[in-house]
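Please look over the sequence and the model shown here before reading the briefing.

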Amino acid sequence: MHKIKLLLHACCAPCLIGTLSRLSPVYEPVIFFYNPNIHPKKEYEIRKKQVVSFCRMKGLKFIEGFYDVKAWFDSVSKIPNFKDEPEGGLRCSECFRLRLEETAKKAKELGFKFFTTTLTLGANKNAELINRLGVEVAERYSLFFIQADFKKRGAYLFSIEQSKKLGIYRQSYCGCVYSLKRNIESPKL
């Protein structure tokens, strides 16, 4: 069967593992790592290294987007009181939009017709919102966004199991400085 080429935005290796378990039968993904939200830079490098390592293991092509922290701050600072937004609030919506927009630009530049993101695999990520934003962005670029809630049908648990089995780093916070701060202030036990 001929597989459909797809640009897949990856936020981290664990989410990539679970998402690929759902996409691989139909799609041939190229992995795009664009995450200027991840703070600090050391954390960004750890997550990137894990994605690169997993891509090598699976024979997947990896593309890194520019780590543009200023673009991320400029984007989320459009939201009033963005520093005080709760996890999953308007700041997160703007962060999703920025990363989906950049993924669509890259997909268009490279001649892909389809793109999607691993973001919906996150246990606390609003798949309905991410899918709506993905479709909006796709329409602006005359592309197709593959809508899914990748955490469903066991993919989230599969990602946890496989990450442990493969020794892949699993982060304890979303990535941005504000989720890190909240994680430090009230760590999960």
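This is a predicted model: local features need pLDDT of at least 70, side-chain atom pairs count only at pLDDT 80 or more; totals for chains, interfaces and linings use all residues.

Residues are numbered from 1 along each chain as its sequence is written, and side-chain values use heavy atoms, with hydrogens and water left out.

**Sheet**
- An open sheet is formed by 5 strands in the order E3-E2-E1-E4-E5, with parallel pairing; strands (E, at least two residues) and helices (H or I, at least four) are DSSP runs numbered from the N terminus, and two strands pair if DSSP finds at least two bridges between them.
- Strand E3 (62-64) and strand E5 (144-145) are at the edges, each with a single partner strand, so one side of each is left without a neighbour in the sheet.
- Strand E4 (residues 114-117) pairs with E5 in the parallel sense over 2 bridges, and Phe114 stands opposite Phe144 in E5.

**Helices**
- Helix H4 (residues 90-110) packs on the sheet and touches E1, E2, E3, E4 and E5, contact meaning heavy atoms within 4.5 Å; the direction of H4 makes about 155° with that of E4, where axes are lines fitted to C-alpha atoms, for helices over the stretch in contact, and angles run from 0 to 180 degrees between N-to-C directions.
- Helix H1 (residues 13-23) lies across strand E1 (4-9), strand E2 (27-33) and E4, and runs at about 160° to E1.
- The axes of H1 and helix H2 (residues 41-58) come within 8 Å and cross at roughly 35°, with the contact made by Ala13, Leu16, Ile17 and Leu20 of H1 and Gln50, Val51, Phe54 and Cys55 of H2.

**Thr116**
- Thr116 lies in strand E4 and counts as buried at 1% relative accessibility, buried meaning under 20% relative accessible area (1.4 Å probe, protein chains only).
- The side chain of Thr116 reaches the backbone oxygen of Ile146 at 2.7 Å.
- Leaving aside neighbours within four places in sequence, the contacts of Thr116 include Leu6, Leu7, Leu8, Thr103 and Phe150.

Note on methods
Buried means under 20% relative accessible area, exposed over 50%, partly exposed in between (1.4 Å probe, protein chains only). A polar contact is a pair of N or O atoms within 3.5 Å; within protein, one must be able to donate a hydrogen and the other to accept it, and residues adjacent in sequence count only if both atoms are side-chain atoms.
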